[in-house]
Amino acid sequence: MKIGITEVAAMAEVSEATVSRVVNRRAGVSAKTREAVERAMAELGYERSTRGQLVAVITPGLSSPFFTDVAELIEAALAPHGLKGVICPAMPGGVQEREFVSALAEHGVAAVVFLSASNTLDDADPGTCDVLAARRIPFVGVNGGFDGHDMPVLSTDDQLSAELAVDHLWSLGHRSIGLASGPAGNRPADRRVAGFRAALERRGVEDTESLVVRQHYTVEGGQSATAELLGRGVTAVVAASDFMALGAIRAVRREGLRVPGDVSIVGHDGSMIMEFVDPPLTTVRQPIDRLAKEVARSVIALVGNREVPKGELLFTPELVVRGSTAPPPR
């Protein structure tokens with residue numbers, strides 16, 4: 001016999017309407033009642049359709065601890081609501097990302113989260129999200145949205161991130177500070193560049209453009225950008241990611257210099273492992289706990305056909321001071 005909501009309602013001792021709200025993840029059900037209904041569904045073998053359970057988290061890759069941590073936190077926040085996160089590593093804006101999205105739309109998913117994927121690019125292929133919009137599959141952006149699509153966007157305040165880094169280094173006495181930035185056209189990188197230059201200009205620095213070098217978000221990118229900045233005489237480097245900061249440290253040491261004795265380094269992201277590098281990395285930590293919870297909250301509401309605030313919500317980052325920064329050499 002096929003189990004339906006009538007049988008579930010009888011076992012859980014609730015109304016069929018309550019079971020329906022739980023199945024469709026709607027509001028108005030207490031945690032205790034929701035748990036009783038979920039338990040009854042499990043005991044009776046009630047089968048939810050696969051469609052409506054899976055949430056795809058599209059991310060540039062899991063080699064970075066930051067993306068891994070955020071994806072895991074999103075998965076954990078979705079699980080109590082019967083939603084299963086599926087991580088889809090793909091390069092932003094590439095063929096693989098489009099193929100993921102097309103396949104997901106074809107087979108049916110509850111929602112898609114773009115975790116710093118093509119939603120961060122100024123020239124993103126609109127077809128990537130158009131296929132989701134055409135099938136009425138909701139999607140959420142982290143650190144950027146898609147032009148022409150009214151969607152929830154949850155982002156770290158990147159301009160403030162740059163301000164926190166500059167303020168820390170300036171207070172230590174550094175007056176020649178460089179930025180090893182991510183590539184142009186990447187929205188978080190562009191925002192950090194704008195915040196960095198504005199922070200220095202407010203402090204009377206004139207030629208801020210020469211203090212910015214664009215590179216990839218990799219160890220090698222950080223090393224290359226920092227080597228160039230050292231040639232311009234900087235005593236401190238703000239890196240666009242913790243991985244780039246590791247490359248920055250390598251570049252400093254290859255010049256026979258010390259971190260932080262000769263050159264100070266500040267990273268960005270706040271991966272826990274950076275506490276254990278040599279020296280422990282001063283970094284601007286993104287508030288990934290709050291960010292992931294808000295992403296999950298938005299997804300749950302959208303899947304339940306409830307209204308969510310559109311536009312971008314900015315989260316405040318935090319400076320974590322460790323051993324990679326110190327006053328400049330005399």
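1. Contact here means heavy atoms within 4.5 Å. Axes are lines fitted to C-alpha atoms, for helices over the stretch in contact, with angles from 0 to 180 degrees between N-to-C directions. Helices (H or I, at least four residues) and strands (E, at least two) are DSSP runs numbered from the N terminus.

2. A word on provenance: this is a predicted model, where local features need pLDDT of at least 70, side-chain atom pairs count only at pLDDT 80 or more, and totals for chains, interfaces and linings use all residues. Residues are numbered from 1 along each chain as its sequence is written, and side-chain values use heavy atoms, leaving out hydrogens and water.

3. Six strands form an open sheet in the order 7-6-8-9-10-12, with mixed pairing; two strands pair if DSSP finds at least two bridges between them. Strand 7 and strand 12 (318-320) are the edges, each pairing on one side only. From one strand to the next, the twist averages 20°.

4. Strand 9 and strand 10 (residues 282-285) are parallel, over four bridges. Here V266 has T282 as its bridge partner, and G267 stands opposite T283. Strand 10 and strand 12, by contrast, pair in the antiparallel sense over three bridges, with V284 opposite L319.

5. Next, the packing. The largest nonpolar core has 37 residues, of which I177, F196, L200, V237, V238 and I265 touch the most other members. Such a core is a set of buried Ala, Val, Leu, Ile, Met, Phe, Trp, Tyr and Cys residues joined through side-chain atoms within 4.5 Å. Buried means under 20% relative accessible area, exposed over 50%, and partly exposed in between (1.4 Å probe, protein chains only). Among the elements that each supply at least two residues are helix 7 (158-172), strand 6 (177-181), helix 8 (187-202), helix 9 (219-231) and strand 9 (264-269). Another core, of 28 residues, lies apart from it and includes L115, V140, L154 and L302.

6. Not counting residues up to four places away in sequence, V237 touches G178, A180, T226, L229, V263, S264, I265 and V266.

7. On to the aromatics: the structure holds four aromatic pairs. Rings of Phe, Tyr and Trp (its six-membered ring) pair if their centres lie within 6.5 Å; planes under 30 degrees apart count as stacked, over 60 as edge-to-face and the rest as tilted. With centres 6.2 Å apart and planes at 90°, F114 and F139 are edge-to-face. This pair ties together parts 25 residues apart in sequence, because F114 lies in strand 3 (residues 111-115) and F139 in strand 4 (residues 139-142).

8. F114 has a further partner. The rings of F114 and F146 have centres 4.9 Å apart and planes at 80°, so this pair is edge-to-face. F146 sits in the loop between strand 4 and strand 5 (152-156), 32 residues from F114. Both F114 and F146 are buried, and F139 is buried with a relative accessible area of 8%. F114, F139 and F146 form one aromatic cluster.
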